[in-house]
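Please look over the structure below before reading on.

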Amino acid sequence: MALWGGRFSGQSSSMFRTVNDSLPFDKTLAVEDIQGSIAWASAIAKAGVLTERELAQLHGELHALQEQAERGELDFASSDAEDIHSFVEAHLITKLGDIGRKLHTGRSRNDQVATDLRLWCRNQAQALITDMEALQCALVRLAHRYTDAIIPGYTHLQRAQPVRFSHWCLAYVEMLKRDVSRVQDAMTRLNQMPLGCGALAGTVYPIDRDLLAEDLGFTSPCMNSLDAVSDRDFVLELLFAASTGMMHLSRLAEDVIFYNTGEAGFVQLGDAVTSGSSLMPQKKNPDAMELIRGKCGRVFGALQGLLVTMKGLPLAYNKDMQEDKEGVFDALSQWHICLCIAAEVLDTLVLNESRARQAAQQGYANATELADYLVAKGIPFRTAHDLTGQAVLVALEKQCALEALSLAELQQIAPQIQQDVYDVLDLDFLVNKRSLPGGTGAKPVHAALQTEALRLGVELNQA
Ligand code: ARG
């Protein structure tokens with residue numbers, strides 16, 4: 001029976017049940033709903049609504065149900081309940097009769113669902129932070145495996161300047177650090193408790209909301225009942241964090257996909273995380289990385305979807321808000337999967353160091369060095385840039401690298417050039433010259449790697 005049957009004489013149509021019932025998806029909140037009810041039972045007992053004995057009986061049933069929920073053993077399929085809240089209440093009434101009928105005193109599904117969803121989001125956020133840290137560890141291990149390997153760095157997807165492969169790894173660690181802090185920041189606002197706000201106006205029972213909040217691990221109760229039951233900012237903030245996090249993962253995926261092309265050939269991925277073609281026997285495709293890229297669509301869509309759902313909603317609760325769940329359930333689960341598979345892919349990744357190095361040596365990635373060299377000889381940078389461009393043209397015509405031009409050829413372009421130019425054009429030399437903090441030189445990258453390994457507890461010797 002529905003929780004609101006008394007006022008109705010007619011039955012719900014089956015299509016209405018299809019559109020209105022949320023149990024098929026809000027069963028995801030079972031553990032949190034029961035957790036909230038355990039705390040609520042204590043709070044109303046303290047307010048004199050339940051006797052000690054009644055509380056003990058309710059707690060007994062709720063804890064038993066909680067264990068079943070945690071084991072995934074609740075039988076939702078044969079339930080006629082409208083939503084997870086009715087499901088739990090119906091169970092208590094079946095087991096305890098009138099005692100079960102007392103639990104909802106002073107509470108509404110509006111403050112209940114807002115509380116459940118906050119508890120669920122908080123659990124997910126904590127798990128996602130762990131996932132993000134695990135991926136950072138994988139990046140640090142990879143950076144350590146190839147600390148001094150050189151790859152071409154790109155702008156406009158054109159070879160620009162050579163960089164350490166480890167510097168590339170650590171760039172993604174920086175993004176993940178921001179992703180973690182975004183979730184942590186969202187958690188500070190998420191961690192307030194709607195319970196005790198009733199349907200919209202507050203509750204008449206003398207509930208100790210501070211104690212209740214503490215009981216459920218919230219920092220404090222929400223301070224306006226109208227806002228508390230109609231606020232879904234905490235979901236939006238997590239969806240934005242998920243979208244930004246997925247966007248970062250998609251860039252990682254795209255880099256790996258590109259490095260893995262036959263044309264680049266810088267990296268190979270393990271058999272465990274790639275697939276073949278049903279037709280072309282030679283193929284080994286980076287599907288995991290492509291799926292990370294692809295799954296961005298549904299995660300960004302969940303953010304957009306909920307923004308549109310919330311737009312223009314009058315205070316306070318409206319049933320539109322039931323549409324807050326499926327998007328965030330899916331988005332956070334996809335984010336979790338993508339973080340885990342990205343770490344697995346990186347653990348299998350093998351860098352073809354000589355091929356990457358060779359590519360870094362081609363494409364005139366050391367042209368900026370020649371310009372800087374000319375600056376050191378007293379030539380203004382703009383002129384040096386132009387002269388270096390001329391040198392590149394000559395080398396292009398000869399189809400050779402800058403350092404393959406003879407001293408005489410170079411001196412024709414700029415007579416200031418001496419034999420020492422060849423040291424400057426050397427790949428390792430020019431990479432290591434970027435020695436300020438944040439640069440790709442040995443000094444800053446080794447230091448950054450140490451710092452991150454220490455922070456994450458990655459043992460570099462065993463990595
Ligand atoms: N299933 C509902 C939701 O997810 C629970 C709240 C129902 N409230 C109501 N007034 N009908 O939003």
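Ala-376 counts as exposed in this predicted model, because its relative accessibility is 69% and the cut-off for exposed is over 50%. The residue belongs to helix H15, which covers residues 367-376, and its C-alpha atom is separated by 17 Å from that of Leu-407, which is 31 residues away along the chain.

**Helix H15 and what follows**
- The buried residues of H15 are Ala-367, Glu-369, Leu-370, Ala-371, Tyr-373 and Leu-374, and they pack against helix H16 (381-398), helix H18 (421-424) and helix H19 (427-432).
- Just after H15, the backbone at Gly-378 adopts a positive phi of about 95 degrees.

**Packing around helix H13**
- Two packed helices are described by the angle between their axes and the distance between the axes.
- For helix H11 (residues 233-259) and helix H13 (residues 325-348), the axes come within 10 Å and cross at roughly 30 degrees; H11 and H13 are therefore roughly parallel to each other, since angles under 35 degrees are counted that way.
- The crossing of H11 and H13 is left-handed, and the residues that make the contact include Leu-238, Gly-245 and Leu-249 of H11 together with Ala-331, Trp-335 and Cys-338 of H13.
- Sorted by class, the contact of H11 with H13 has 16 nonpolar and 2 polar residues, with no charged residues.
- The axes of H12 and H13 come within 9 Å and cross at roughly 160 degrees, which makes H12 roughly antiparallel to H13, and this crossing is also left-handed.
- Among the residues that make the contact between H12 and H13 are Ile-292, Lys-295 and Arg-298 of H12, with Asp-330, Gln-334 and Ile-341 on the side of H13.
- By class, the contact of H12 with H13 comprises 10 nonpolar, 2 polar and 3 charged residues.

- In soluble globular proteins, nonpolar side chains tend to be buried together.
- The largest nonpolar core in this model has 116 residues, and Phe-165, Trp-168 and Trp-335 are those with the most contacts inside it; helix H7 (residues 109-145) supplies the largest share of this core, with 15 residues.
- Apart from its neighbours within four places in sequence, Phe-165 is in contact with Leu-142, Tyr-146, Ala-149, Ile-151, Leu-349 and Leu-351.
- A second, separate core has 22 residues, including Ala-391, Ala-395, Leu-410 and Ile-417.

**A buried loop residue**
- Asn-285 lies in the loop between strand E5 (267-268) and helix H12 (287-310), and counts as buried because its relative accessible area is 18%, where the cut-off is under 20%.
- Not counting residues up to four places away in sequence, Asn-285 touches Thr-274, Ser-275, Gly-276, Ser-277 and Glu-290.

**Backbone details in loops**
- Most residues other than glycine have a negative phi, and most peptide bonds are trans.
- Leu-157, which is not a glycine, has a positive phi of about 60 degrees; this residue lies in the loop between strand E1 (150-155) and strand E2 (158-164), and its relative accessibility of 58% makes it exposed.
- Gln-399 has a positive phi near 55 degrees although it is a residue other than glycine; Gln-399 is found in the loop between H16 and helix H17 (407-413) and is exposed, with a relative accessible area of 74%.
- The peptide bond from Leu-315 to Ala-316 is cis, with omega near 0 degrees, and Ala-316 lies in the loop between H12 and H13.

Conventions:
Residues are numbered from 1 along each chain as its sequence is written. This is a predicted model: local features need pLDDT of at least 70, side-chain atom pairs count only at pLDDT 80 or more; totals for chains, interfaces and linings use all residues. Side-chain values use heavy atoms; hydrogens and water are left out. Axes are lines fitted to C-alpha atoms, for helices over the stretch in contact, and angles run from 0 to 180 degrees between N-to-C directions. Helices (H or I, at least four residues) and strands (E, at least two) are DSSP runs, numbered from the N terminus. Angles under 35 degrees count as roughly parallel, over 145 as roughly antiparallel, 65 to 115 as roughly perpendicular and the rest as oblique. A crossing is left-handed if the near helix is turned anticlockwise from the far one by less than a right angle, and right-handed if clockwise. Contact means heavy atoms within 4.5 Å. Ala, Val, Leu, Ile, Met, Phe, Trp, Tyr, Cys and Pro count as nonpolar, Asp, Glu, Lys and Arg as charged, and the others, Gly among them, as polar. A nonpolar core is a set of buried Ala, Val, Leu, Ile, Met, Phe, Trp, Tyr and Cys residues joined through side-chain atoms within 4.5 Å. Buried means under 20% relative accessible area, exposed over 50%, partly exposed in between (1.4 Å probe, protein chains only).
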